[in-house]
Amino acid sequence: MTIPTQILDQTTEVYSMLQKDRLKTELGVIYRRSDFRKMTGSLLQFIIENNLQTTFSETYKILLIIVTIPMTTAEAERCFSTLKRVKTFLRSTVREDRLSALAMLSIEKRMINDIPKFNENVIDLFASKKDRRVDLIYKNCI
């Protein structure tokens, strides 16, 4: 089987960290070897399990890139819809850093729910930041 050179050219042009000749050679070896064709599971898993990251370095790099590319845009769309919920009319004057923090809290709410006493810790941190007209920290009077 021959490797499509047009796709290889486009890929190495987009991902300039890849060495085109070496990638072509590595893919040629992978296509020709029967042990690669007969393997079960993914090629990336096979390379990692057999400690072939240095031998097939360019193939390993391109497989890592492929694994990180999302299959759909659903996650990005969820982030934008979360941002719409966070940035309501009342919060339209919020600074960018605070809006970003609120969006992150809303997006990662499952992770935050797993942190014990998260809300209490945030409130305590806020209350201890600076002096206010109203004392936010309850002090026991003896």
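**Salt bridges in a helical chain**

Tutor: Start with R22 and E26, which form a salt bridge with their closest N and O atoms 3.0 Å apart. The term means a side-chain nitrogen of Lys or Arg within 4 Å of a carboxyl oxygen of Asp or Glu. This is a predicted model: local features need pLDDT of at least 70, side-chain atom pairs count only at pLDDT 80 or more, and totals for chains, interfaces and linings use all residues. Residues are numbered from 1 along each chain as its sequence is written, and side-chain values use heavy atoms, leaving out hydrogens and water.

Student: Where do R22 and E26 lie?

Tutor: Both sit in helix α2, 4 residues apart, about one turn of the helix. Helices are DSSP runs (H or I, at least four residues), as are strands (E, at least two), numbered from the N terminus.

Student: Is E26 buried or exposed?

Tutor: Buried, at 4% relative accessibility. R22 is partly exposed, at 35%. Buried means under 20% relative accessible area, exposed over 50%, and partly exposed in between (1.4 Å probe, protein chains only).

Student: How many salt bridges does a search of the whole structure find?

Tutor: It finds 3. The general idea is that side chains of opposite charge can pair when their charged atoms come close. Take E58 and K61: their side chains meet in a salt bridge at 3.1 Å, N to O. Both lie in helix α5 (residues 57-68), 3 residues apart, about one turn of the helix. E58 is buried at 2% relative accessibility, whereas K61 is partly exposed at 31%.

Student: Which residue meets D9 in a salt bridge?

Tutor: K20, at 2.6 Å, N to O. This pair links distant parts of the chain: D9 is in helix α1 (residues 5-14) and K20 in helix α2 (residues 20-32), 11 residues apart. D9 is partly exposed, with a relative accessible area of 31%. K20 is partly exposed too, with 36%.

Student: What elements does the protein chain have?

Tutor: It has 9 helices and 0 strands. Buried residues make up 20% of its 142 residues. For contacts (heavy atoms within 4.5 Å), take those with a separation of 6 or more: residues 24 or more positions apart account for 40% of them.

Student: And the surface?

Tutor: The protein chain exposes about 12,100 Å², with carbon and sulfur atoms supplying 58% of it. Accessible areas come from the Shrake-Rupley method with a 1.4 Å probe; for residues, only the protein chains shown count as cover.
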